[in-house]
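Come along and follow the notes with the model open beside you.

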Amino acid sequence: MLTSVDTDLIRVLGDPLRLQIVTLLARETLCTTHLVEETGAKQTNLSNHLKVLREAGVVETEPCGRFTYYRLKPDVIDALAGQFAALAETARTHADTKRACP
């Protein structure tokens, strides 16, 4: 069984600011204004990162008047964690497997 990890999602979450956003959204649903305050990032930069997270399916939006709130989709993180858990199990199962050199 070959186990693979979603490399696109790893790339998306590999950015330090996006990972900070995801960490904040794990604790509560926040609007862009809150995220600017928490991260210190400029609003335009933050909006670009939120767009990437939205397109990757990591966050979802909720309009509220003139604000947009962002919520983390925990199932996406669970799926990624499951892929890593499967990868770790594969490594445990095949720890003694060694390919002979030609």
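**Cysteines**

I searched the whole structure for disulfides and found zero, taking a disulfide as a pair of cysteine sulfur atoms within 2.5 Å. Cys31 is in no disulfide, and its nearest cysteine sulfur, that of Cys64, is 8.8 Å away. Next I checked burial, where buried means under 20% relative accessible area, exposed over 50%, and partly exposed in between, using a 1.4 Å probe and protein chains only. Cys31 counts as buried because its relative accessibility is 4%. Cys64 counts as partly exposed, at 39%.

**Ground rules**

I noted that this is a predicted model, in which local features need pLDDT of at least 70 and side-chain atom pairs count only at pLDDT 80 or more, while totals for chains, interfaces and linings use all residues. Residues are numbered from 1 along each chain as its sequence is written, and side-chain values use heavy atoms, with hydrogens and water left out.

**The sheet**

Helices (H or I, at least four residues) and strands (E, at least two) are DSSP runs numbered from the N terminus, and two strands pair if DSSP finds at least two bridges between them. In what order do the three strands of the open sheet lie? I read the order as 1-3-2, with antiparallel pairing. Strand 1 (30-31) and strand 2 stand at the edges with a single partner strand each, so one side of each has no neighbour in the sheet.

I then went through the pairs. Strand 2 (residues 59-64) and strand 3 (residues 67-72) are joined by six bridges, and Val59 stands opposite Leu72. These two strands form a hairpin with two residues between them, and Gly65 in the turn has a positive phi of about 65°.

**Helix 4**

The 13 residues should span 18 Å, and the end C-alpha atoms are 18 Å apart, which agrees. Which residues of helix 4 are buried? I found Leu46, His49, Leu50 and Leu53. They cover an arc of only 105° around the axis, which means they lie on the same side of helix 4; the arc is that of the directions from the helix axis to the C-beta atoms. The face turned away from the buried side of helix 4 carries the exposed residues Thr44 and Glu55. Gly57, with a positive phi near 80°, follows helix 4.

**The core**

I looked for nonpolar cores, meaning sets of buried Ala, Val, Leu, Ile, Met, Phe, Trp, Tyr and Cys residues joined through side-chain atoms within 4.5 Å. The largest one has 21 residues, and those with the most contacts inside it include Leu13, Leu46, Leu53 and Val58. Among the elements that give two or more residues to this core are helix 1 (7-13), helix 4 (43-55) and strand 3. Helix 2 gives the most, with five residues. Contact means heavy atoms within 4.5 Å. Leaving aside neighbours within four places in sequence, Val58 is in contact with residues including Leu9, Leu13, Val22, Leu53 and Leu72.

**Last look**

I stopped at Asp8, which is found in helix 1 and is exposed, with a relative accessible area of 52%.

Definitions and conventions. Expected span 1.5 Å × (residues − 1).
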